[in-house]
Amino acid sequence: MRVAIADDAVLLREGIARLLAEGGHEVVGTYGDADALLADLETTGVDVCVLDIKMPPTFTDEGLRAAAAIRARWPWVGVLVLSQYVEPGLAVRLLADGADGLGYLLKDRVVDVEEFLDAVRRIGSGGCALDPTLVSQLLSRRQTENTLERLTPRERLVLEAMAQGLSNPAIAARLQVSLRAVEKHVTNIFDKLDLIVGPDADRRVLAVLRFLHG
Amino acid sequence: MDRRVRVVALLLVAAAVGLGSLGLALPGSDAPGGLMAAEHPTMALLIGWSFAGAGVVAWALRPDNRFGLLLYATGLTWFSSALMATDSSVPFTVGLLTAPWWLGVFLHALHAFPGGQVKRPWPRMLVALLYVDVTLVQGLRLLFTSSADVPGCSGCPPNALLLSDQPDVAVTILVVQQGVIGTLVIGGTLAVLARRWRVASAPQRRVLAPVLATGAVCLAVQAVGLAAQPASVRQSVGWLGAASFAAVPASFLLGLLRQRLDRSAVGRLVVDLGTVRDGDPLDGLLGRALNDPSLRVAYWRPETEEYVDAAGRPFPLPASYADRAVTVVEREGRKIAVLVHDPVVAEDPALVSGTVAAAGLALENTRLQAEVRARLEELRASRRRLVEAGDRERRRLERNLHDGAQQRLLAVSMLLSRLERTGGDPSISGMAAEATAELGRALAELRELARGLHPAVLTDHGLAVALEGMAARAPIPVELVVELPHRPTPEVEVAAYYVISEALTNAIKHAAASRVTVHVGTVEDANHGALLVDVVDDGVGGVDPGRGSGLQGLRDRLAALDGRLDVTGPPGMGTTVRAVIPCG
């Protein structure tokens, strides 16, 4: 994947660039703020942009704004937003028009190198990556409302993985079960929660998230 | 005692002069007695006396005000023309010479009413001009006027001042004296009076009205008299002038009486003060007593050496004293307040001191209240500053953590991850993995610590997003309704956030609630809006509002913003926490 990184903290920006390069991605540009990245995006072929959510000038939601701008102009470019905190309200804002090619992860996740590299790969190929913290918050909220009680514990794990954006093979790998078993769980979950099964993994993520967010 | 003697003496002199003049004028009714020889000598006598009498009364009321004496002098000079009725030359000439003097003194009095001084340049010039006209120009004219040419003077004694009998010169001087200078002075005075009326404040007009009305009428009649040439017209106009002139001292007295009548306002004030509650503003009551609706009271705060109003707010004294006067109120030798009022109020010092004496205790009470309120306001401001400083400091710490330690640790963590992946030695990889995991836990703890210091998401994204996260992290269902047309100020946001956070924690920890509803909205207050926060749970209730340092801390925080925190929770009925926080 060809990756561009925007983060005002040099230390982290360079660290992430190294991790991605060592993980087989090609880092085509590193920037101190979102505007600089956006300016280069037209001429630089980029598959995934990694954006810090807080950047100059206001240090509030520049990453989110840049994500929206990229989605509007270059819909084929994936965007991974990194943040010091993950908030359901911001996830909703980020995923307002679909989850394909989008990611929202806690900054700390970059040290789980394999998962991080996988997330970048997933986003670059039109998939989705949501932070486990966020997903478990949403799940536990639904759990407290007894809407998930019809699911078996195994089905809940599959639901969580789906919400994080994992594909069926990835879920099978994580849970160390067969692909067929995962597919069966997914069908069961969608039946039990009255969800329509979408054709693509990303549509599936959105359906699950909408359900979880209520 | 001394003053009473003087009053009696002045009255006796006026009476004697008046009677003497009448005695002179009456026997020789064919003699030219000046004004005293008009068709109604008794009326002329009454005019003179009323001027003198009104002058004495005014002087008795305000011994330090020259106005009364001017009025008195008008009355005395009024009689001087009666000397023209004598048979001998010198007194006749004195009468002839001084006949118009009263006019100058009268104009002086008119311009000096009611303060006793003519301060503005234009009126000063008019008064001076008329004095010159009725003394020097009159004397000059008499040098060339034989007594036979004096109107109505057929058998008069000779004019002792006559230098050479030149009727042409005399007539020319007369035209200058009465036609030019007289008209100028009268016209100028009318203009000055019109201006005085225009710029006068309401209490000033109350005093000026009767005087200016009669004075203006009188002057207008005189002006017509000067312009009219045939002697018959002159005479009838002269009578009319006398009649209107008779009303003048009465109007002076009426004007003065209007001020004097206000003294009964002190009695009313005493009654009204009985109904005033402690701390109520006294401006209106004192303003009514002193007949000045624009009156304001400023209370002295000795500890800060500044003036405050009844509510304790700083009260800057007027920078210019041109149209405002300041009267200091003292009690037992200490300054307690000042009255800022219309300068005309100061023209009746007795009324002012009476009013101040009557209101002294109430003023002192209000001053103490104002002082307490001012101190409360200072305390509140300082509490607000403390809370704000605390918030600022926590925010700074959170930011430092984020920009410093958190990022550095994350960078170290990334290095360890790379070491774990690249290091060939399995034991090194293992240790690196362990260190990464440990660092991950440290980072998570640090993140919680930072959030506890200050919720960055609140500052960055507002209440709705921050509360959504709070609700998502809560172990029980939290229904969230946030209806905010726009973001409140940071202090208000932080206060609302902490209220909800604390209420939620209490609901989970102490009330064993299974469900919480949070509502954030706005209400329109009397003058500005307020943020309304409701946190309702279905827990065990029975909350002791005084218990818990958390709630008390919130109360303090809200009080610093003039907000309110109400906690109600009857046993078994759940708990409702309501916060009202004014928005700016």
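Predicted model: local features only at pLDDT ≥ 70, side-chain atom pairs only at ≥ 80, totals over all residues.
Which two strands form a hairpin with two residues between them, and which residue in the turn has a positive phi?

Let me begin with chain A, which has 10 helices and six strands. Of its 214 residues, 54% count as buried, and the chain exposes about 8800 Å², with carbon and sulfur atoms supplying 51% of that area. If we take the contacts in chain A with a separation of 6 or more, 64% of them are accounted for by residues 24 or more positions apart.

Now to the sheet of chain A, which is open, has six strands in the order β2-β1-β3-β4-β5-β6, and is paired in the parallel sense. The edges are taken by β2 (26-31) and β6 (128-130) of chain A, each of which has a single partner strand, so one side of each is left without a neighbour in the sheet. On average, and with direction ignored, neighbouring strands of this sheet are turned by 20° against each other.

For one pair within that sheet, please look at strand β4 of chain A, residues 78-83, and strand β5 of chain A, residues 102-106, which pair in the parallel sense over five bridges; within this pairing, A:Val81 has A:Tyr104 in β5(A) as its bridge partner.

Two helices of chain A can be described against this sheet. Helix α1, residues 10-22 of chain A, packs on the sheet and touches β1 (2-6), β2, β3 and β4 of chain A, while its direction makes about 170° with that of β2(A). Helix α5, residues 113-124 of chain A, also packs on the sheet, touching β1, β3, β4, β5 and β6 of chain A, and its direction makes about 145° with that of β4(A).

The side chain of A:Thr44 reaches the backbone oxygen of A:Asp40 at 2.9 Å, and, if we leave aside its neighbours within four places in sequence, A:Thr44 is in contact with A:Arg2 and A:Val28.

Turning to chain B, we find 17 helices and nine strands, and 584 residues, of which 45% are buried. Chain B exposes about 28100 Å², 62% of it supplied by carbon and sulfur atoms, and among its contacts between residues at least 6 apart in sequence, 67% join residues at least 24 apart.

This brings me back to the opening question: the hairpin is formed by β3(B) and β4(B), and the residue in the turn with a positive phi, of about 50°, is B:Glu332. Strand β3 of chain B covers residues 325-331 and strand β4 of chain B covers residues 334-341, and the two pair in the antiparallel sense over seven bridges, with B:Val338 in β4(B) as the bridge partner of B:Val328.

Finally, the contact between the chains takes 37 residues from chain A and 31 residues from chain B. Between them the two chains bury about 2900 Å², 57% of it on carbon and sulfur atoms, and in chain B the residues that lose the most area to chain A are B:Met414, B:Arg418 and B:Arg421, together 22% of what that side buries.

Definitions and conventions
Residues numbered from 1 in each chain as written. Chains lettered and ligands numbered in written order. Heavy atoms only, no water. Polar contact = N/O pair within 3.5 Å; in protein donor to acceptor, adjacent residues only side chain to side chain. Contact = heavy atoms within 4.5 Å. Pairing = 2+ DSSP bridges. Helix = DSSP H or I, 4+ residues; strand = E, 2+ residues; numbered from the N terminus. Axes fitted to C-alpha atoms, helices over the stretch in contact; angles between N-to-C directions. Buried < 20%, exposed > 50% of the residue type's maximum accessible area, 1.4 Å probe, protein only. Areas by Shrake-Rupley, 256 points an atom, 1.4 Å probe, with all protein chains shown as cover. Buried area = accessible area lost by both parts, 1.4 Å probe.
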